[in-house]
Amino acid sequence: MRRYVEGAVQLLGPVALVVVVGILSTTVSSANRIYFLNALVSVAMVVAIYVFVGNSGVLSFGQISFVAVGAFAAGVMTVPLDSKKGVLTELFPLLRDHSIGNIPSLLLAAGIGGLFALVVGLPLMRLSGLAAGIATFALLEITHNILQQWTKIGPGATTLSLVPQTTGAWQATLGALVAIAGAFAYQRSRLGRQLRASREDPAAAQGIGVDVHRQRLWAFTFSGALAGFAGALSVHLLGSITTDQVYLELTFLTLAMLVFGGLTSLWGAVVGALAISGLDSFLGQAEQGVHIGFKLDLPTGSRLVFLAAIMALVLILRPSGLTGGGEFRIPGLRRAGPREEAPAPPA
Amino acid sequence: MPEPVLELQGLEVRYGSVPAVRGLSLEVGNGEIVGLIGPNGAGKSTTLHAIMGAVPAHAGDVRLHGRSIRGRPPERIARAGVALVPEGRRIFSDFTVEENLRLGLAGRRKRNGADPLQQAYDLFPVLHEFRRRSAGALSGGQQQQLAIGRALVAEPEVLLLDEPSLGLAPMAVDAVFEALRQIREREVTILLVEQRALHTVALADRTHVLAGGELRLTLGPADAANKDKIIAAYLA
């Protein structure tokens, strides 16, 4: 019973934060709404990355590959048929002659993201540390170039447009909540605990029967599915996408979000995604010039300079992130001491 | 001697070109405690790691019920019924006591009626008392009990312990040895690596003295009174 109360409290923080942002998005002008919805989609992406990186302790630069695959799968399959035959003429007939609705598109993106992660994870999950980081970076490069060049599966180097913009306040909020709920259920499951134990001490975990390779593969696959789903949310928010939008800058931004909030907790992933996304939007506007009591006009490019500097500062000053790497807790509501609830042990 | 559960046959382990264990053969029978003592660097921990598959055996064989387990990865050896309580305890300090015990279930092969967590709690009541606490907040002796409890929830046939008394206060050391007596009564087969030679010789059915990676001498419980013999064995 206590276990569930504790869990409910931990989930409360991320859920409340996302719901508040979702509600706020409906109160602002339609020009500003995109920033709020973008923040919610970022939550879904960062939570997806967290599922693997946070629980396994293995760094991956490759999770945006699954966002990209999900975004293009969802985008290509939802462009209305009559427009598709006009602009995406080189597609495989199966892709060219079919079109699906919003929900099937989200599910398809999750399925393809997960399947792709499973296939590449089989060899990649044998690596750890520096080798894993570099190999997942290679994965990002491979995915990017295939998507950019292969016009039988997508738009290639051109912009994919005319994607139905179905990600409004409802879909963005619910999408972020689905990712959070999935990540939370996973990390409290037997499998999630085994992986987190291997993050703390791989040798000790193996010694008690944890198959570290297999547990990493499950997390990588689930992370890929959530990332694909987040990619679909994103493409349905923007209505158009290019391969460069799901490449290096997004990889950097989402990792900065995760590091900023705290790598090892779901709460950290959500807080980091919202905080950095908000800051990113603000700096982006400041590059165009904004009035905040005075006119702030930053030189072009300062957005990423600031964000990178913040990421470096957090790593130096507070390596476990803004949340300290712990889950959400209500201050003052601490774990009850054993004396208050455990029956006296037999002498 | 009861039928051997765990057998080492001419086990050789090398780190690079440096031999750590040289031609070690021993048997541990069902429900026995066999001790392995010797000076630092004698190859005691390496022997346990080789049984567990954490370091490769260069030659020789490790057999469980007569079947070779050499070359298998640690998690498969754990699931075959061998559990290691590692040196330094290696509990997961971010998890609660109960979560640590549940992790031990990863190595469990069969499911019978008894609740394995309850069995661990019966053996170590303090773990039950503190089951919701973070494992990192336990004292050294309690952490050692947790490490042993975590190995036991997998219901292993063979329990390997690597210096369970290391760094513990004298009372906590006694508690560990008392727990091992109780575990033996449950017909768990135990291979115990220790530095506390007198305690070990008194408890174990046989105690092998290892030095320079080789088996030098075997002592019985009767030798526990003979301190000189044990000391001589160490210095040999």
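## Helix α1 of chain B

G53(B), which comes just after helix α1(B), takes a positive phi of about 85 degrees; helices here are DSSP runs of H or I with at least four residues, strands are runs of E with at least two, and both are numbered from the N terminus. The structure is a predicted model, in which local features need pLDDT of at least 70, side-chain atom pairs count only at pLDDT 80 or more, and totals for chains, interfaces and linings use all residues. Residues are numbered from 1 along each chain as its sequence is written, while chains are lettered from A and ligands numbered from 1 in the order in which they are written.

Helix α1 of chain B covers residues 44-52, and eight of its nine residues are buried, so this helix is largely enclosed by the rest of the structure. A residue is called buried if 20 or more other C-beta atoms, placed from the backbone, lie within 10 Å of its own, exposed if 12 or fewer do, and partly exposed in between. The buried residues of α1(B) are K44(B), T46(B), T47(B), L48(B), H49(B), A50(B), I51(B) and M52(B).

## Confidence of the model

The model has an ipTM of 0.85 and a pTM of 0.89. For chain A the mean pLDDT (the predictor's confidence in each residue, from 0 to 100) is 91, and 95% of the residues of this chain reach 70 or more. Within chain A, residues 335-347 have a pLDDT below 50, and this stretch makes 13 contacts in the model beyond near neighbours in sequence; a contact is a pair of residues whose C-beta atoms, placed from the backbone, lie within 7 Å. Where pLDDT is low, the predicted coordinates should not be read in detail.

Chain B has an average pLDDT of 91, with 97% of its residues scoring at least 70.

## The contact between the chains

Chain A places 18 residues in contact with 28 residues of chain B. On the side of chain A that touches chain B, the elements that give two or more residues are α9 (190-200) and α10 (202-207) of chain A.

The residues on this side of chain A divide into nine nonpolar, four polar and five charged. Ala, Val, Leu, Ile, Met, Phe, Trp, Tyr, Cys and Pro count as nonpolar, Asp, Glu, Lys and Arg as charged, and the others, Gly among them, as polar.

## Helix α11 of chain A

Helix α11 of chain A, residues 212-238, contains 27 residues. From its first C-alpha to its last, α11(A) reaches 38 Å, close to the 39 Å expected at 1.5 Å a residue, where the expected span is 1.5 Å times one less than the number of residues.

Of the 27 residues of α11(A), 25 are buried, so this helix is largely enclosed by the rest of the structure. Just after α11(A) comes G239(A), with a positive phi of about 85 degrees.

## Two residues of helix α13 in chain A

G268(A) belongs to helix α13 of chain A, which covers residues 266-288. G268(A) is buried because 29 other C-beta atoms lie within 10 Å. Neighbours within four places in sequence aside, the contacts of G268(A) are G261(A), G262(A), L263(A), G321(A), L322(A), T323(A) and G325(A). Between G268(A) and H236(A) there are 32 residues of separation in sequence and 26 Å in space, C-alpha to C-alpha.

S281(A) is also placed in helix α13 of chain A. S281(A) is partly exposed, since 17 other C-beta atoms lie within 10 Å. Residues up to four places away in sequence not counted, S281(A) touches Y35(A) and N38(A). S281(A) and L253(A) are 28 residues apart in sequence, and their C-alpha atoms are 12 Å apart in space.

## Loop and strand residues of chain B

R89(B) has a positive phi, near 75 degrees, in a residue other than glycine. R89(B) sits in the loop between β6 (82-85) and α3 (97-104) of chain B, and it counts as buried because it has 25 C-beta neighbours inside 10 Å. E155(B), which is not a glycine either, has a positive phi of about 50 degrees. The loop that holds E155(B) runs between α6 (140-152) and β7 (158-162) of chain B; with 21 other C-beta atoms within 10 Å, E155(B) is buried.

R63(B) is part of strand β4, residues 59-64 of chain B. R63(B) counts as partly exposed because it has 16 C-beta neighbours inside 10 Å. Leaving out neighbours within four places in sequence, R63(B) is in contact with E7(B), Q9(B), S68(B) and I69(B). R63(B) and Q9(B) are 54 residues apart along the chain, and their C-alpha atoms are separated by 8.0 Å.
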